[in-house]
Amino acid sequence: MAVHDQPHRHVRFHLPSMRRPTTTQRPADETNAVALTATSAHVLAGLRVLTGFVFLWAFLDKTFGFGYATPSGKGWIDGGSPTKGFLSSVAAGPMESTFHDWAGAGWADWLFMLGLLGIGLALVSGIALRLAAVAGSAMMALMWIAEWPPAKHLSDGSLSMSTNPFADYHLVYAVVLIALAAVGAGATWGLGRAWARLPFVSRNRWLL
């Protein structure tokens, strides 16, 4: 009679795992990512609107003379020049004499004011942010040169009182404009999405 070995059954005890399945972690991570993205979008939208108001208010004050940076009765509509006071007071830098020649010129006034208005409206509405970034950066670069932060002394020998030889608020504004355009910050609290769907804009992406 043949004897067959019967297989032995091994009883295994499994301790409960303290690790959570990855499937339970993934939704939480995704939720946090979505919340972070939404928060970032709103923060950038707030920065966009606030920056736009800086440009828009400068246009309004220089146009109507509300008595802040522009005295009452000295606004553009009253015959005042938006560029004469600033450009004629340039006292340092490689373009000092050039800015003096530009001060009060009709073309300079119109170009400066249309730039302030266009950049301000683009940022507040959330459309054409790339154009606003280019125009605004060019404007900020010219204003940076006009103030010329690297100078320790003005042309008359007096101290320039520059607080930083490179990074001033003009440079900060330019970086902010570029960043807002790069991330497409016009979609939140703005007309960016509707603007991007227009046929002529979709064919010309530089208009975004």
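The side chains of His170 and Asp168 make a polar contact at 2.9 Å. A polar contact is a pair of N or O atoms within 3.5 Å; within protein, one must be able to donate a hydrogen and the other to accept it, and residues adjacent in sequence count only if both atoms are side-chain atoms. This is a predicted model: local features need pLDDT of at least 70, side-chain atom pairs count only at pLDDT 80 or more, and totals for chains, interfaces and linings use all residues. Residues are numbered from 1 along each chain as its sequence is written, and side-chain values use heavy atoms, with hydrogens and water left out.

**His170 and Trp57**

Two residues are set side by side here. Contacts (heavy atoms within 4.5 Å) leave aside neighbours within four places in sequence.

Helices are DSSP runs of H or I, at least four residues, numbered from the N terminus. Trp57 and Leu116 are 59 residues apart in sequence, yet their C-alpha atoms are 8.7 Å apart in space.

**H4 against H5**

The axes of H4 (residues 106–125) and H5 (residues 129–147) come within 9 Å and cross at roughly 140°. Axes are lines fitted to C-alpha atoms over the stretch in contact, with angles from 0 to 180 degrees between N-to-C directions. H4 contributes Phe112, Gly115, Leu116, Ile119, Ala122 and Leu123 to the contact; H5 contributes Leu129, Ala132, Ala135, Gly136 and Met139.

Definitions and conventions. Helices (H or I, at least four residues) and strands (E, at least two) are DSSP runs, numbered from the N terminus.
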